[in-house]
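Reader: I have a protein chain to look at for class. Could you take me through it?

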Amino acid sequence: MTTSAPSARKCPFHVPTELDQDFDILRNPGHTEDPYKALAMALEGKPRIFWSSTNPFSKQPGAWVLTRTEDMRTVLRNPKLFSSAENAGFSKLLGENWSLVPLEMDPPHHGAMRAWVNPLFASSVIPAMEPAIRETCVQLIEEFRSKGHCEFINEFGRPFPVTVILQLMGLPVSELPRFLEWEDELLHSEDMGVKAKAARQIKDYLVEQIADRRQKPRDDLFTKATIAEVGGAPLSEDEVLGFCYLMFVGGLDTVASSLGLHFQYLAEHPELQERLRKDPSLIPQAVEELLRRFSLVVSHRRATEDTELAGVQIKAGDWITIHTPASAIDETLHSDPYTVDIDRPNKAHLTFSFGAHTCLGMHLARRELIIALEEWTQRVPGFRIKPGAPLRTHAGPVYGVDELHLEWN
Ligand code: HEM
């Protein structure tokens, strides 16, 4: 009698066979044309919660994938049961053991760290940053406006938010090309060697910068981390590094990727552009709806105890994927999730996550996206995608657009 060898099974034994599904957490066929459509097709017919054995994040031996916002919220609102330790795992790439601060921290230390860092990015401090953000935005647009065309990602989408965050961190904007290369390799390369090399280069650079701030304090975020006290004690050397590392990688990609996705949509929908041009007071609600439609971060939690989620048995140690792009197309959250309707009264989304780890930079990010739309709609006439030009998108830990050629008259 022959039976299938147990070793042929890739998923852990507590995973029921019907929940072991063929699904790549990072990339589905067609993601370079439309990552959300590709995701929707890959999720078609899949159970509400299922196991994926693909291991793109080094999350051994795979992870549970949640498809419903409701289940993602259940996980996110319970950080004791679902830990954030090693969520991104960059230090593991280097064979080291420090955490991104506060992203990879759990209660109670996470709460104490947020209490220190929240005021630095509170909604009340953003207006003071606005003139510098707007100036950067206008300068970039003016560099290409009279040409009548641009490659949006390289000429605006990336340099705009990256310049803003570098100024906040006190890092030289002249180093932008080097930073972008490191960030691209760390977040988007599929080669673990290339990723690890970029992780090392970023770490070495940040360690140098932190040492410099200890000797010559300035008015910047890095200096603030070196002099901060949390719970009556200074941050450890690893915590300062973990905070600076997160600022560096968290601030570089997410706003840039959102801008790419939002501006691709606007270029394809001149009627929405026109509405915003005529009535700029609608821009904040348009940005919120675009944020909802284009949730883009994929992150992880790890169960600390055996538990149950929507009838599925989860074992202590199991990884769980919080796939916010799946939340963006979740029909149990919004009946018509694909439609961008800036007038929809309920724009609930998980784009900035939920619960204890809700994005620290969300007020800054919203302001950047609003300023970008205000300045573009006032300075650049109706823009569209250049016919015949390459247009490439990507899925991955952060969904986004690689190349977006726009033109206007
Ligand atoms: C549109 C832009 C952005 C999006 C979509 C976004 C999204 C997110 C998401 C989904 C998380 C939670 C991850 C998790 O729960 O595992 C997060 C956390 C975080 N984000 Fe953002 N982010 C954006 C912009 C920024 C910016 C500009 C900064 C820099 C100031 C920033 C700093 C952070 C930090 C420090 C955390 C960790 C918070 C914690 O763990 O308590 N983000 N972000």
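Reader: Which residues in α9 meet which residues in α11?
Author: Ala199, Ile202, Lys203, Leu206, Val207, Ile210 and Arg214 in α9 meet Glu237, Val240, Leu241, Cys244, Tyr245, Phe248 and Val249 in α11. Contact here means heavy atoms within 4.5 Å. By class, this contact has 11 nonpolar, no polar and three charged residues. Ala, Val, Leu, Ile, Met, Phe, Trp, Tyr, Cys and Pro count as nonpolar, Asp, Glu, Lys and Arg as charged, and the others, Gly among them, as polar.

Reader: Before we go on, what sort of model is this?
Author: This is a predicted model, in which local features need pLDDT of at least 70 and side-chain atom pairs count only at pLDDT 80 or more, while totals for chains, interfaces and linings use all residues. Residues are numbered from 1 along each chain as its sequence is written, and side-chain values use heavy atoms, with hydrogens and water left out.

Reader: Back to the two helices: at what angle do their axes cross?
Author: The axes of α9 (residues 192–215) and α11 (residues 237–268) cross at roughly 120° and come within 10 Å. Axes are lines fitted to C-alpha atoms, for helices over the stretch in contact, and angles run from 0 to 180 degrees between N-to-C directions.

Reader: How many helices and strands are there in the chain?
Author: The protein chain has 15 helices and 14 strands. Helices (H or I, at least four residues) and strands (E, at least two) are DSSP runs, numbered from the N terminus.

Reader: What are the spans of the C-alpha trace along its principal axes?
Author: The spans are about 75 × 55 × 40 Å.

Reader: How much of the chain is buried?
Author: Buried residues make up 54% of the 409 residues. Buried means under 20% relative accessible area, exposed over 50%, and partly exposed in between (1.4 Å probe, protein chains only).

Reader: Take Tyr36, then. Buried or exposed?
Author: Tyr36 counts as buried, at 1% relative accessibility. Its place is in helix α1 (residues 35–43). Among the residues that Tyr36 touches are Leu261, Arg293, Phe294, Pro325 and Tyr399. Tyr36 and Ala395 are 359 residues apart in sequence, and their C-alpha atoms are 8.2 Å apart in space.

Reader: And where does Thr307 lie?
Author: Thr307 lies in strand β9 (residues 307–309). Thr307 is buried, with a relative accessible area of 17%. Not counting residues up to four places away in sequence, Thr307 touches Leu81, Phe82, Val312, Gln313 and Ile314.
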